[in-house]
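Welcome! Please take a look at the structure below, and then let us walk through it together.

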Amino acid sequence: MDKKYYPTIGLEIHAELKTESKMFCSCKNDPDEREPNKNICPVCMAHPGSLPVVNKKAVEHVVRVGLAVDGNIADFTEFDRKNYFYPDIPKGYQISQYKYPIVSGGRLDGFDITRVHLEEDTANNKHDRGNFSLIDFNRAGVPLMELVTEPNTFESADDAAKTASSFAKELQLLLWYLGVSEANMEKGEMRVEANISVSPEKGKLGTKVEVKNLNSFKSAERAVKFELDRMIKLWEEGKQEEIVQETRGWDEAKQKTFSQRKKESSHDYRYFPDPDIPKFKLHELFDLEKMKKELPELPAQKRDRYRKDFGIKDEDIESYVNDPELGKWFEEVAEILKDKNKIKTASNYITSDFAGLKKADSGVKMPAAENFAELAEMASSGEISSRGAKDILAIIVKKDDSPKKIAEEKGLLQKNDPEELKKIAQKIIEANPKIADDYKGGKQNALQFLIGQVMKETKGSANPAAAKQLLESLLK
Ligand code: ZN
Ligand code: MN
């Protein structure tokens, strides 16, 4: 019962690339087109005699992904025909890459990458209309990137499931940063498949099952977990022969995987080089060194820089990496503040208070960096209380203005002028002689009451610590 099982998973992720036109024709690549079969032509409909022309931008996108994950960019590359019959594939084959993918090797988020290749997407089948099916070819021929990872072995099913979903998230982030794909999983622009196996022996792989239809990070995590638990249970019951090599789908409603078909192996596809498409050398087509230099700052690099430069919390860093616009604003604020403690205060206000306001109200906007920095400055120095800072923040996210000005207008500046505060403290002592005597007689609680009275008198604008100190010295 307590025997340990080692789950191994490898991922295959497809992402539709963002280009003007499709992969092999000049039809518009428009994922938002609602009218079925609008963006089609003889090439993507596979009319006899039509010829494919490679979309250079799509190749460039995959090359940039390869450079970003430190993969090897192939010198020689070619396209192959992957033959199979299904109504969503008008040619009877999908143009893909087999022996010579654009990218091999590389690493991302704890996974070694096997390859990244380029292919074309299939049409959309619609089976929900009754006892017939409809096909929309708008998606047929859209450039599709496929990234395959090496199998990774984990210590637990939970660990494996979490890592699978976090890898997909990291890849999505990378594709966004590179601007090569929207990778919206709900819209099917990014699709995750997991190759899953379980073994009682580390280093030895069990029978592999492929789980498909994972169209959210949550379903990726749950499907991997479900499938691993299913396999481990079969092992525990001595029924491991029932684990067969197959493709399983994920039923979102039932939260279960189910058998779809017994897996075909690659030789069933009769891959062969597409004779209609010229082979090419990527080093001749692209200036790879220049492309590498021109890559934007990537998520992992941004994390490192934020950690080093600002010393803020990891959760804060993640908020900025996931929302680069917010990150850019934070950087502007940090640039003004310079001091690390003030920057930390500012970051706390951004990721908790500002984020909270924004979540509750879509009309909330980032105030100018100067104004936000001023607010953080005042909160750090004690010029305003943290309550006051929150009140001012709620104002400037709607109507941007100087926090200093607002604090003066609303009387939120803490009264730290020692002379003025002293007068007030004296007044409070005189008005409460009995309590002052109690304190002198050793009753510590009496002091709290007097501090409270000072706060009340100053309408909360006094610095409580300063008030305490003053009262103590006056009552000595
Ligand atoms: Zn077309
Ligand atoms: Mn594929």
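At what angle do the axes of helix 7 and helix 9 cross? In this predicted model, the crossing angle is roughly 65°, and the two axes come within 10 Å of each other. To find the pair, look for residues 314-322, which form helix 7, and residues 340-360, which form helix 9. The crossing that helix 7 makes with helix 9 is left-handed.

Now see which residues meet there. Helix 7 brings Asp316, Ser319 and Tyr320, while helix 9 brings Ser347, Asn348, Ile350 and Thr351.

Let us move on to the metal site. Which residues coordinate the manganese ion (ligand 2)? They are His14, through its NE2 atom, and Glu119 and Glu146, each through OE, at 2.1 to 2.2 Å. Along the chain, these donors of the manganese ion follow the spacing H-x104-E-x26-E. His14 belongs to strand 1 (residues 6-16) and Glu146 to strand 11 (residues 143-149), so this pair ties together parts of the protein that are 132 residues apart in sequence. Are these two residues buried or exposed? Both His14 and Glu146 are buried.

Finally, step back to view the whole protein. The domain assignment gives domain 1 as 6-290, domain 2 as 299-410 and domain 3 as 418-474. The centres of domain 1 and domain 2, taken over C-alpha atoms, are separated by 40 Å. Where these two domains touch, 4 residues of domain 1 are in contact with 8 residues of domain 2.

Methods. Residues are numbered from 1 along each chain as its sequence is written. Chains are lettered from A and ligands numbered from 1 in the order in which they are written. This is a predicted model: local features need pLDDT of at least 70, side-chain atom pairs count only at pLDDT 80 or more; totals for chains, interfaces and linings use all residues. Side-chain values use heavy atoms; hydrogens and water are left out. Axes are lines fitted to C-alpha atoms, for helices over the stretch in contact, and angles run from 0 to 180 degrees between N-to-C directions. Helices (H or I, at least four residues) and strands (E, at least two) are DSSP runs, numbered from the N terminus. A crossing is left-handed if the near helix is turned anticlockwise from the far one by less than a right angle, and right-handed if clockwise. Contact means heavy atoms within 4.5 Å. Donors are N, O and S atoms within 2.8 Å of the metal (3.2 Å for Na, K and Ca); water is not among the atoms, so sites may look incomplete. Buried means under 20% relative accessible area, exposed over 50%, partly exposed in between (1.4 Å probe, protein chains only). Domain bounds come from an automatic or database domain assignment.
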